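Open the structure in your viewer and keep the selection tool at hand. The stops below say what to select and what to look for there.

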Amino acid sequence: MNVRRPAVAGLFYPADTRQLADEVDALLRQSAACQPSPPGTPALETYRKPGRLEALIAPHAGYVYSGPVAASAYTRTADASPSISRIVLAGPAHHVPFHGVAVPTVDAFATPLGEVAVDAEARERFVLLPGATMRDDAHADEHSLEVHLPFLQRTLDEFSFLPIVVGDARPELVAGALDSVWTEGTLLIVSSDLSHFLDYESARRTDARTARAIEELQPDDIKAHQACGAVPVRALLHMARRRRLKARTLDLRNSGDTAGSRGQVVGYGAFAFESDAAHA
């Protein structure tokens, strides 16, 4: 089997199997127990009864920084686990510049917790779409997808996944590509941090505007400086509008709230997209 090995184990999250499992489980327990009202979030129905989980936005920094926020998203996957058999995971390219969207040729991705199979059938259909290609180089060192896998491995039973790195592409093209593989039993996850290297209060204001745009499904209000994954985030908002999903903020903080100074911070948000169907 051709397996993509971990690129950021020991850097963004623990490389030791037991330590990693314990850390992820602790983050999930803490999130499930607390569920605080996210600082600076718009006054929406944060605590209304959730519908069927269809998609998530979650951050991708090192766990010490964004782990608590990511955990607020993945407590939802734990709740929805019986209805999820496949993950479509899309995140921005940080290392390799390219046009379009890229999937890898590998059979599986490995983390210290084991291997996750790549959905070969979905990949075959995906690469036939406009702007889609197979590129292992785009995935080799990319952390924006990898850091989500341990959370999924601790909250879901058996699942396959389709990893998609988004390069220079129009949100409408990305939306069409993602929509083709967002089928029954599939949870779509978009990986994105929010504002970068603003002071603490400026970041809070900027990220609150971003959260409002996401909750109101307004893709044109998401600019590149507001989220490193702005293109896949905007693509998701286009699809969510067509599918009449409702978005809500699960958590909204920055590195000044979790770890590090408040002079220059990175923003993190977790958002759930739900249908009106009863939660499975």
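Begin with the second largest pocket of this predicted model, which has a volume of about 180 Å³. To display its lining, select R52, L53, E54, S83, I84, W182, T183, E184, G185, T186, L187 and R243. Coloured by type, these lining residues fall into four nonpolar, four polar and four charged.

Which element gives the largest share of the lining? It is β2, with three residues.

Next, turn to the salt bridges, of which the structure holds 16. Select R76 and E274, whose side chains form a salt bridge with an N to O distance of 2.5 Å. R76 sits in helix α2 (residues 63-80) and E274 in strand β12 (residues 265-275), so this pair, 198 residues apart, links distant parts of the chain. Are the two partners buried or exposed? R76 has a relative accessible area of 5%, under the 20% cut-off, and therefore counts as buried. E274 is buried too, because its relative accessible area is 1%.

Move on to D276 and K246, another salt bridge, at 3.6 Å from N to O. D276 lies in the segment after β12, while K246 belongs to strand β11 (residues 246-254); the two are 30 residues apart and link distant parts of the chain. D276 is exposed, because its relative accessible area of 62% is over 50%. K246, at 43% relative accessibility, counts as partly exposed.

Then select D251 and R253, whose side chains meet in a salt bridge of 2.7 Å, N to O. D251 is buried at 2% relative accessibility, whereas R253 is partly exposed at 22%.

Finish by colouring the chain by confidence. The average pLDDT is 93, and 93% of the residues score at least 70.

Terms used:
Residues numbered from 1 in each chain as written. Predicted model: local features only at pLDDT ≥ 70, side-chain atom pairs only at ≥ 80, totals over all residues. Heavy atoms only, no water. pLDDT = per-residue confidence, 0-100. 1 Å grid on protein atoms, 1.4 Å probe; cavity = no way out; pocket = protein on both sides within 12 Å on 5 of 7 lines; lining within 4 Å. Points joined across faces, edges and corners; volume = space filled by probe spheres on them. Helix = DSSP H or I, 4+ residues; strand = E, 2+ residues; numbered from the N terminus. Nonpolar A, V, L, I, M, F, W, Y, C, P; charged D, E, K, R; others polar. Salt bridge = Lys/Arg side-chain N within 4 Å of Asp/Glu carboxyl O. Buried < 20%, exposed > 50% of the residue type's maximum accessible area, 1.4 Å probe, protein only.
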